[in-house]
Amino acid sequence: ECSFTLESILEDLQRDPWPVPSDQRTQRCSGVALSVAVGLLESAYSRQGARIMTFIGGPATTGPGMIVGRPKTEAIRSHTDIQKNNA
């Protein structure tokens with residue numbers, strides 16, 4: 001039963017309807033998503049411990065928390081950039 005369910009999910013997968021040009025990164029607003037998650041936790045479970053788990057497939061490219069722009073010509077900053085005050 002488990003393998004049947006997994007196979008049916010895999011068969012239903014489709015191509016991404018919003019393809020991204022090869023010279024650009026996908027739009028990710030991880031900072032906004034985390035902000036919304038924190039707001040929901042604060043309102044629903046005030047004064048309690050909680051955990052937000054994120055599974056992110058790349059850098060934030062849009063909105064608050066953006067660390068790199070969409071064009072791939074723009075390099076992602078690293079820890080050495082921060083140490084040398086180039087960030």
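## Surface and charge

The chain exposes about 7600 Å², of which carbon and sulfur atoms supply 55%; accessible areas follow the Shrake-Rupley method with a 1.4 Å probe, and for residues only the protein chains shown count as cover. This is a predicted model, in which local features need pLDDT of at least 70 and side-chain atom pairs count only at pLDDT 80 or more, while totals for chains, interfaces and linings use all residues. Residues are numbered from 1 along each chain as its sequence is written, and side-chain values use heavy atoms, with hydrogens and water left out.

Buried residues make up 8% of the 87 residues in the chain; buried means under 20% relative accessible area, exposed means over 50%, and partly exposed lies in between (1.4 Å probe, protein chains only). The chain carries 9 positive and 9 negative charges, whose mean positions are 13 Å apart. Here Lys and Arg count as positive and Asp and Glu as negative, with His and the chain ends not counted. Each charge is placed at NZ of Lys, CZ of Arg, CG of Asp or CD of Glu.

## Overall form

The secondary structure comprises three helices and zero strands, and from the N terminus on the elements run α-α-α. The radius of gyration of the chain is 18 Å, well over the 12 Å that the globule rule gives for 87 residues, so the chain is more spread out than a compact globule. Helices (H or I, at least four residues) and strands (E, at least two) are DSSP runs, numbered from the N terminus. The radius of gyration is taken over C-alpha atoms, and the globule rule is 2.2 Å times the number of residues to the power 0.38.

Along the principal axes, the C-alpha atoms fill a box of roughly 55 × 45 × 20 Å. Among contacts between residues at least 6 apart in sequence, 59% join residues at least 24 apart, a contact being heavy atoms within 4.5 Å.

## The loop between α1 and α2

Val 20 is found in the loop between α1 (2-11) and α2 and is partly exposed at 31% relative accessibility. Leaving aside neighbours within four places in sequence, Val 20 is in contact with Arg 25, Thr 26 and Arg 70.

Pro 21 has its place in the loop between α1 and α2, and counts as partly exposed at 41% relative accessibility. Pro 21 and Pro 71 are 50 residues apart in sequence, with their C-alpha atoms 9.6 Å apart in space.

Ser 30 lies in helix α2 (residues 30-44) and is buried, with a relative accessible area of 14%. Beyond its neighbours within four places in sequence, Ser 30 is in contact with Ile 56 and Ala 60.

Arg 47 is placed in the loop between α2 and α3 (79-83). Although not a glycine, Arg 47 has a positive phi of about 60 degrees. Its relative accessible area is 86%, and Arg 47 is therefore exposed.

## Cysteines

A search of the whole structure finds zero disulfides, a disulfide being a pair of cysteine sulfur atoms within 2.5 Å. Cys 2 is exposed at 65% relative accessibility, whereas Cys 29 is partly exposed at 41%.

Cys 29 is found in the loop between α1 and α2. The C-alpha atoms of Cys 29 and Arg 47 are separated by 27 Å, the two residues being 18 apart along the chain.
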